[in-house]
Every structure is written in structure tokens, then in C-alpha cells.
Amino acid sequence: MKNSNQFKSLILGFTLVLMVTACSDDDNGDTPTPEPQTEVSFDLVVTSGGFGSGLGQALRFDGENGTFLGEFPNDATLLNDDPRDIVINIADPREILDGFADTNLFIVSGNNNLVSYSLQGDLIAEFIPPFTGTENGTDFSLNAGGAVLGPDGNLYLGSRSGGNIVRFDSTTGEFIDIFVATNDVSFPRGFVFDDDFLFLGNGADPTSGIGGATIQQYDGTTGELIDPNFISDENLSPLDVILGLDGNIYTSSEFPFVGGADPMPGTVRVYSSENGDLLQVIDPRDANGESLIIAPRGLGFGPDGLLYISSTGNGRVIRVNPNTGEFVDIFIEFQGLNGQALTFIPAN
């Protein structure tokens, strides 16, 4: 068994967003923060969902200036025009150039499957073919949303059709079990492991916009529900859920969630992973006071130490300083981006 810090590093290295765990304490004993290494050369991959005005592609952008570089997979036929989440196992985005030639990148597809690619975009395999499972005599399809590699090294996928989280062997792709039971959460959204726990976003009903407003806490080993209201916030409609560089929980929130209606301004909300307290609301505005984030979804921390926010309602990726919440820039503005998830890979 690894010690607590090693265990956290393993978990963070396996989440769909690239987390950083190596930090240094400041002189005042405040929360430790990382020091970005801006010399790292990287690109940004964003999945553009196929619904609404989305392009239904995984797209690659230059990590230095946000320039569009083209579609990421060299063979995208298995994505069925609706790529969703991304899973990668680079532990520290600030060291993204070092020794990752054999690292795979998984993309959750709207084709009810999971597809594996090299970091150069070459197709490796349809890692999980179109999947259906059964629980208590009821069949469900995968229709996966969130995806992470867990502390046990296995692959966890959120099944939107089944309303559960299912676990697969990360070496063979074989189905293991239902980790979080059906009906624990009405509309499961993003989820992330942290030490001994799993935190799962309980989202609003996508048709009515009713419900959600919580992030639930589970035992990270057994999947047993510990606290259905670990985070309870009437202004929260969680979508992506990740761990920050500071170890706290960051979630993109579109509130009020309006389903198929016009997308609403949103925020990124930061909560303590120790007690669920609201610590910060990231809500960048332009000179006229208008929200720069519309229907936010994918979140990630880049090799530059900044927080990247995919704003689906206006086709943008916004960068902010996670320590202060201050707006840095509109890094990408691309018609039809509809970014469901984002991650960072070495530049070509």
C-alpha cells in the first residue's frame, strides 16, 4: 500500500483531466500552489459533442496560441460523430514531454463504445465495443458520459442510460461490475476519485432542469454511498467534476440548467474536498458585465498552471488563474466547438 501522498498522486495522474500533485508550501503556511513550467510545449485536444450546433469531432489546438490544427484522430469513424469524455494517464501536465511515447488516450464515443488512440492521433483499438449490460433483470446501454481511470487502475465510465457507474478492466476492456448502483443518482454527471473517496455530480433532469444541486460522496473502494449531500448548493448544476491543483473539488455549473432551451451563463464552483464547503465562485465577466462562460462543461489544468474552461454556449475555451479566479484570456474561439471535455498532449 502506498502512503497517502503517493496514493493521491496515482489517482490524480489517472483522472480524465491532467492533475498536478507536486506542490511547495509558501512561507505563510497557506494552501500550497504549483509553480507552472511555461517552457513545456503542448497541444490541447477538445471533444466537440455532436448535438446542437456541435461539430461531432475531437479537435486539436496549438497550446501556445490556440490556433486550430485539425481533427485529432487520424481515424474518427468509431466516434460516431459524438465524442464525449477523454481519459489519459499523464500524471503531471508540466512534464508532458517526458517519456510518454507509449501513453494511450481514450475517447468516449457516442457510438456506445470507447476508442483508444496514440498521442499522435493514430487509432489503436476499439477498446470497449458497443456495450449493453443487465442489472436486476433490466438491460441498459452504456451511453457513457464521464470517464476516469481509478486508483485500482481500472476504467470507470458513467452510464447515462443505466444511471450508474460501471467498471472495466483497463488492460483487457472486459466488464467487471456496476460500481455505483443504479438510482443512487438520478442524472449522474462528472466524477473524480480523491484518496479514499469518489465524488459524483448529481445533475439536473436534462428535460425539465429540475433536481441536482448536489455532489455525492462514495467509498472509493466499495462504491458505497457515504453522503448524498456532501456538497449541497442551490446554485449548482454540476457537469464536469475534477480535482484542482490545490486538492479541492472544481465543478462546471450551468445554473439554472435548461436542457434544450437557450444555454444559460454558468460558473466554475470550488468546494473543499474535506468538508464540502463552498470556497470560490469563478465567474469571469467582460467590460459590460456580461458572463464570459455560457453553459460550461469540460475543465482541465494546463501545463502553464492555468484553469481551462470549455464554454459550450459560445464556442470558447477560457483561461483563468485558479488561485485568484481572475480572467486571463479567451484562449480559443471556434464556431461549433461545443467542448464536452479537454486534455493536453505533447505538441508535434
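Me: Leaving aside its neighbours within four places in sequence, which residues is Gln217 in contact with?

Reply: Eight names to look up: Phe197, Leu198, Phe199, Glu224, Leu225, Ile226, Asp227 and Phe230. Each counts as a contact because heavy atoms of the two residues lie within 4.5 Å. This is a predicted model, where local features need pLDDT of at least 70, side-chain atom pairs count only at pLDDT 80 or more, and totals for chains, interfaces and linings use all residues. Residue numbers start from 1 along each chain as its sequence is written, and side-chain values use heavy atoms, with hydrogens and water left out.

Me: What makes Gln217 buried or exposed?

Reply: Its relative accessibility is 9%. The cut-offs, with a 1.4 Å probe and protein chains only, are under 20% for buried, over 50% for exposed, and partly exposed in between. So Gln217 goes down as buried. Gln217 belongs to strand 16 (residues 214-219), where "strand" means a DSSP run of E with at least two residues, numbered from the N terminus; a helix is a run of H or I with at least four.

Me: And over the whole protein chain, how much is buried, and how many helices and strands are there?

Reply: Of the 348 residues, 55% are buried. The protein chain has 1 helix and 26 strands. Take the contacts with a separation of 6 or more: 50% of them join residues 24 or more positions apart.

Me: How do you know that Arg167 and Asp152 form a salt bridge?

Reply: Their closest N and O atoms are 3.1 Å apart. The rule asks for a side-chain nitrogen of Lys or Arg within 4 Å of a carboxyl oxygen of Asp or Glu, so the pair passes. In general, side chains of opposite charge can pair when their charged atoms come close. The structure holds 9 salt bridges.

Me: What makes Arg269 and Asp233 a salt bridge, and which parts does the pair tie together?

Reply: The closest N and O atoms are 2.8 Å apart, which puts the pair inside the cut-off. Arg269 sits in strand 20 (residues 266-271) and Asp233 in the loop between strand 17 (225-232) and strand 18 (238-243), so parts 36 residues apart in sequence are tied together. Arg269 and Asp233 are both buried.

Me: Where do Arg285 and Asp283 stand: buried, partly exposed or exposed?

Reply: With 44% for Arg285 and 29% for Asp283, both values fall between the two limits, so partly exposed is the label for each. They form a salt bridge too, with the closest N and O atoms 2.9 Å apart.

Me: What makes strand 1 and strand 2 a pair?

Reply: DSSP has to find at least two bridges between two strands. Strand 1 (residues 42-48) and strand 2 (residues 57-62) have 6, in the antiparallel sense, so they pair. One of the bridges has Asp43 partnered with Asp62 in strand 2. The 4 strands of this open, antiparallel sheet run in the order 3-2-1-26.

Me: Why are strand 3 and strand 26 called edge strands?

Reply: Each of them, strand 26 being residues 339-346, pairs on one side only.
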